[in-house]
Amino acid sequence: MEQSEQLTVKQSSSNYWVVQSGAVELSGGVMRKAAESERELMRRLRQRTAKMRSAAPRRPRAVEHPSR
C-alpha cells in the first residue's frame, strides 16, 4: 500500500460507507461515523508502521550463491 495515498470515505451505491485508498476499498461501515473511525485507525496504523520501519536497524540482504 502506498503511504502517500489519501484515505477517503465515500458512500457506495448500496448505502454502505467505505474507506478507499485510490480505487481500492479497504474497510467500511453501515454508518458514516463508523467508516470515519476506520479511516482514522488506518491513518494511525500507517504512521506507526512508518515510524517503526524508520527506527528499525537495517539488516543486510541475504545473498544467494549458485549451487555447485
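Me: Two strands pair if DSSP finds at least two bridges between them. In this predicted model, which residue in E3 is the bridge partner of Gln20?

Reply: E2 and E3 run antiparallel and are joined by 5 bridges. Within this pairing, Gln20 has its bridge partner in E3, namely Glu25.

Me: In what order do the 3 strands form the open sheet?

Reply: Strand E1, residues 7-11, pairs with strand E2, residues 17-21, in the antiparallel sense. E2 is also joined to E3, whereas the edge strands E1 and E3 each pair on one side only. The open sheet reads E1-E2-E3.

Me: Which residue in the turn of the hairpin has a positive phi?

Reply: E1 and E2 form the hairpin, with 5 residues between them. On the strands themselves, Gln11 stands opposite Trp17 in E2. The turn residue with a positive phi, about 65°, is Asn15.

Me: Which elements give two or more residues to the largest nonpolar core?

Reply: This core has 6 residues: Leu7, Val9, Trp17, Val19, Ala35 and Met42.

Me: What angle does the direction of H1 make with that of E1?

Reply: H1 packs on the sheet and touches E1, E2 and E3. The direction of H1 makes an angle with that of E1 of about 165°.

Definitions and conventions: Residues are numbered from 1 along each chain as its sequence is written. This is a predicted model: local features need pLDDT of at least 70, side-chain atom pairs count only at pLDDT 80 or more; totals for chains, interfaces and linings use all residues. Side-chain values use heavy atoms; hydrogens and water are left out. Helices (H or I, at least four residues) and strands (E, at least two) are DSSP runs, numbered from the N terminus. A nonpolar core is a set of buried Ala, Val, Leu, Ile, Met, Phe, Trp, Tyr and Cys residues joined through side-chain atoms within 4.5 Å. Buried means under 20% relative accessible area, exposed over 50%, partly exposed in between (1.4 Å probe, protein chains only). Contact means heavy atoms within 4.5 Å. Axes are lines fitted to C-alpha atoms, for helices over the stretch in contact, and angles run from 0 to 180 degrees between N-to-C directions.
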